[in-house]
Amino acid sequence: MAVEIFYDDDADLSIIQGRKVAVIGYGSQGHAHALSLRDSGVDVRIGLPEGSKSRAKAEEQGLKVLTPAEAAREADLIMILAPDTKQRAIYTEDIEPNLSDGDALFFGHGFNIRYELIKPPSNVDVAMVAPKGPGHLVRRQFVDGKGVPALIAVEQDASGNAQALALSYAAAIGGARAGVIKTTFTEETETDLFGEQAVLCGGASALVQTGFEVLTEAGYAPEIAYFEVLHELKLIVDLMYEGGIARMRYSVSDTAEYGDLTRGPRVIGPAVKEEMRKILGEIQDGTFAREWVGEDEAGRANFQKLEADGEAHPIEETGKKLRGLMSWVDRPITETA
Ligand SMILES: NC(=O)C1=CN([C@@H]2O[C@H](COP(=O)(O)OP(=O)(O)OC[C@H]3O[C@@H](n4cnc5c(N)ncnc54)[C@H](OP(=O)(O)O)[C@@H]3O)[C@@H](O)[C@H]2O)C=CC1
Ligand SMILES: CC[C@](O)(C(C)=O)C(=O)O
Ligand SMILES: [Mg+2]
Ligand SMILES: [Mg+2]
């Protein structure tokens, strides 16, 4: 089925400019949405708990900061950009008691609706604006006059205007400069989880670490291995981003292209594809969501151990040293872009 894609000319910015928006959370996505909404002329407040370390950042950037409950009460559109595992409690304690007829409840990812962790009342719009990129780059691209593509979805259309509202919001954060695709909460949640697990974060990290291990264990210099499997990956992916896999193959040598065509399918062979299908199945049947919510409720011990193991991987030390010698690469993540 053909998808519907919307651009700036299809969006009416005045719709979101007429709303009082509460952004709950001020992390990767929260700061990007809030600052870009504000720069697009939208009335924004941030909802953060009293003890949150993000409060000072939001205040420094001139934003009004309230508790999540106060922000939800004052606003008529509430965008939840707190961690997925915390959203159910925030919704129950701070948002649900402050929802009124005609309010809109927005999400940046469909997890809590798809897995029925949050069940909103029927008198509010429930919609999603999900940028297809990390929040710090969503903000950086907005400031640079560009945009990260976004997905919109409407789960509940109490007002009869929820899609236009979601499109207007997506345009205000720069998404409609690149393209906004209409989808469902289910399709966004399942494809997003699959993408980040199998390809973008899980697949790519494991590919890079394994390539680095094979080279260094065979006695090659870690610095050369780093440049080969991590640094150059960005340059190769830039070509794919600009012109697809064909553009990358045009630019690399024919030796590289022959190796790509004959060896690539051996690395990512039928066993990997089968594992990817299993991973997708665990997303579709709720196994992953139950596991992740359980891990969070149990205090995240396994998550923290795996994270620490990743930080201790030798590629990190090599990379830190080499990136420090390339000022244009070692760019800090900032909250203002
Ligand atoms: N990261 C990304 O680029 C993307 C994320 N998303 C989705 O966006 C949502 C937010 O993710 P992300 O930006 O990564 O989150 P982050 O972890 O970067 O930030 C979470 C923010 O929520 C705050 N927070 C924590 N607990 C509460 C609470 N009880 N009440 C209010 N605020 C709270 C945190 O405060 P403190 O700083 O004090 O911890 C922090 O400011 C998720 O649904 C995610 O799936 C979608 C697309 C991409
Ligand atoms: C790829 C990870 C992501 O889905 C994203 C930046 O789009 C996320 O959840 O952070
Ligand atoms: Mg994503
Ligand atoms: Mg995601």
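Buried means under 20% relative accessible area, exposed means over 50%, and partly exposed lies in between. The exercises below use a predicted model.

**Exercise 1. The magnesium site**

Task: Find which protein residues are donors of the magnesium ion (ligand 4), and decide whether aspartate 192 is buried or exposed.

Solution: 
- Step 1. Look around the ion. Its protein donors are Asp192 (OD) and Glu196 (OE), at 2.0 to 2.1 Å.
- Step 2. Aspartate 192 bridges the magnesium ion (ligand 4) and the magnesium ion (ligand 3). These two ions lie 3.4 Å apart.
- Step 3. Aspartate 192 and glutamate 196 both sit in helix H10 (residues 185-200). They are 4 residues apart, about one turn of the helix.
- Step 4. Apply the cut-offs. Aspartate 192 has 18% relative accessibility, so it counts as buried. Glutamate 196 has a relative accessible area of 28%, so it is partly exposed.

**Exercise 2. Strand S5 and its neighbours**

Task: Work out which strands S5 pairs with, and what unit S5 makes with helix H5 and S6.

Solution: 
- Step 1. Start with the strand. S5 covers residues 77-80, and both of its faces are covered. Leu77 and Met79 are buried on one side, Ile78 and Ile80 on the other.
- Step 2. Take one partner. Strand S2 (residues 20-24) pairs with S5 in the parallel sense, over 4 bridges. Within this pairing, valine 23 has methionine 79 as its bridge partner.
- Step 3. Take another partner. Strand S6 (residues 104-107) runs parallel to S5 and is joined to it by 4 bridges. Here leucine 77 stands opposite alanine 104.
- Step 4. S5, helix H5 (residues 87-95) and S6 form a β-α-β unit, and it is right-handed.

**Exercise 3. A glutamine in a loop**

Task: Locate glutamine 61 and decide whether it is buried or exposed.

Solution: 
- Step 1. Glutamine 61 lies in the loop between helix H3 (54-60) and strand S4 (64-66).
- Step 2. Its relative accessible area is 16%, so glutamine 61 is buried.
- Step 3. Leaving aside residues up to four places away in sequence, glutamine 61 touches Tyr26, Leu35, Arg38, Glu335 and Thr336.

**Exercise 4. Two crossing helices**

Task: Describe how the axes of helix H12 and helix H17 cross.

Solution: 
- Step 1. The axes of H12 (residues 222-251) and H17 (residues 314-323) come within 10 Å and cross at roughly 85°.
- Step 2. H12 is therefore roughly perpendicular to H17.
- Step 3. Residues of H12 in the contact include Pro222, Tyr226 and Phe227. Those of H17 include Ile315, Thr318 and Leu322.

How values were computed: Residues numbered from 1 in each chain as written. Chains lettered and ligands numbered in written order. Predicted model: local features only at pLDDT ≥ 70, side-chain atom pairs only at ≥ 80, totals over all residues. Heavy atoms only, no water. Donors = N, O, S within 2.8 Å, 3.2 Å for Na, K, Ca; no water. Buried < 20%, exposed > 50% of the residue type's maximum accessible area, 1.4 Å probe, protein only. Pairing = 2+ DSSP bridges. Right-handed = clockwise from strand over helix to strand, strands pointing away. Contact = heavy atoms within 4.5 Å. Axes fitted to C-alpha atoms, helices over the stretch in contact; angles between N-to-C directions. Parallel < 35°, antiparallel > 145°, perpendicular 65-115°, else oblique.
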